[in-house]
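Welcome! Let us take a friendly look at the aromatic rings and the nonpolar surface of this protein.

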Amino acid sequence: MNKRIIIICLAVCACVITHAQTFETGGVFGIEYDYKILKGWHVSAEGEVRFDHNFTHYDRAKIGVGTDYMFWQKRIKVGVAYNFLNYYDREDQYFENRHRVKGFVTIAPKFGDWKIAYRAQVQTTFRDERRGSYRFNPKTYLRNRLQVTWSVPHEPVKIYVSEEFWWRLYKPGDNIIDRLRSTAGVVYDINKHHSLDFFLRFDHEVQVRNPERFLCVGISYAID
């Protein structure tokens with residue numbers, strides 16, 4: 001009996017170690033700026049830096065610009081954006097720049113203090129083949145996100161949770177959902193034009209070999 005218990009314990013430990021090899025923790029720091037051009041029409045800019053290995057290693061940076069138009073009593077938003085991405089490949093020890101273009105539509109009805117928002121976004125990412133060898137380039141995804149937000153009555157605070165999945169479109173005959181993102185956060189309105197977003201985010205790949213999982217805490221500062 002004791003031998004069986006030891007074998008079971010060793011097997012469990014092996015499973016935990018194997019799982020831990022695909023699990024990362026880190027943090028995200030971002031800033032956003034939104035400017036109103038005309039009624040319903042906005043332009044925006046954003047920057048973001050991400051760290052992994054428990055905040056000790058640089059992983060990725062992003063700079064983006066975009067524009068969007070909101071109508072039907074602010075319930076529908078359509079927009080386009082461009083992102084410049086810089087990645088660090090730790091395995092081969094080099095930096096790589098990527099370019100991403102995307103278009104999206106968001107439908108967000110309100111029910112009192114609650115808002116339910118669905119966003120459908122098509123994005124295409126172009127990678128530098130001078131830096132790496134890629135079987136598929138560019139990569140195109142349809143990202144679908146559902147988010148529920150509660151505005152706390154009489155407080156400058158919003159609490160939200162969201163779930164998002166990536167549906168790949170670049171691999172003919174094998175267009176599957178291969179990534180999920182779960183997020184929970186709190187937005188604090190400092191004043192009318194400034195806010196802070198504190199969040200916990202979990203990215204995990206599915207239906208692929210050697211799936212990667214990334215748990216991070218983040219903070220984003222927004223100006224509008």
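Tyr33, Tyr35, Ile37, Leu38, Trp41, Tyr69, Phe71, Trp72, Val78, Val105 and Ile107 make a nonpolar surface patch of about 1,000 Å². Such a patch is made of residues with over 30% relative accessible area and no salt bridge, where nonpolar side chains (Val, Leu, Ile, Met, Phe, Trp, Tyr) are joined within 5 Å. A salt bridge here is a side-chain nitrogen of Lys or Arg within 4 Å of a carboxyl oxygen of Asp or Glu, and accessible areas come from the Shrake-Rupley method with a 1.4 Å probe.

This is a predicted model, in which local features need pLDDT of at least 70 and side-chain atom pairs count only at pLDDT 80 or more, while totals for chains, interfaces and linings use all residues. Residues are numbered from 1 along each chain as its sequence is written, and side-chain values use heavy atoms, with hydrogens and water left out.

Which element gives the most to the nonpolar patch? That is S1, with four residues. Two or more residues come from each of S1, strand S3 (57-71) and strand S5 (94-107); strands are DSSP runs (E, at least two residues), numbered from the N terminus. Ile107 has its place in strand S5 and counts as partly exposed at 42% relative accessibility (buried is under 20%, exposed over 50%, partly exposed in between).

Now to the rings. The whole structure holds eight aromatic pairs, meaning rings of Phe, Tyr and Trp (its six-membered ring) with centres within 6.5 Å; planes under 30 degrees apart count as stacked, over 60 as edge-to-face and the rest as tilted. Two of the pairs are set out here.

| Pair | Type | Centre to centre | Angle between planes |
|---|---|---|---|
| Phe23 and Phe202 | tilted | 6.4 Å | 45° |
| Trp114 and Trp150 | stacked | 5.9 Å | 20° |

Phe23 in strand S1 (residues 23-38) and Phe202 in strand S11 (residues 194-205) link distant parts of the chain, 179 residues apart. Phe23 is partly exposed at 31% relative accessibility, and Phe202 is partly exposed at 25%.

Trp114 lies in strand S7 (residues 114-127) and Trp150 in strand S8 (residues 139-151), so their pair ties together parts 36 residues apart in sequence. Trp114 is partly exposed, at 45%, and so is Trp150, at 29%.

Elsewhere, ring pairs join Tyr58, Tyr88 and Phe95 into a cluster.

Charges meet rings as well. Arg75 has its charged end over the ring of Trp72, 5.1 Å from the centre, and Arg98 lies over the face of Tyr87, 4.1 Å from the ring centre. This counts when NZ of Lys or CZ of Arg is within 6 Å of the ring centre and within 35 degrees of the ring normal.

Definitions and conventions: Buried < 20%, exposed > 50% of the residue type's maximum accessible area, 1.4 Å probe, protein only. Patch = residues over 30% accessible without salt bridge, like charges linked within 9 Å, V, L, I, M, F, W, Y side chains within 5 Å.
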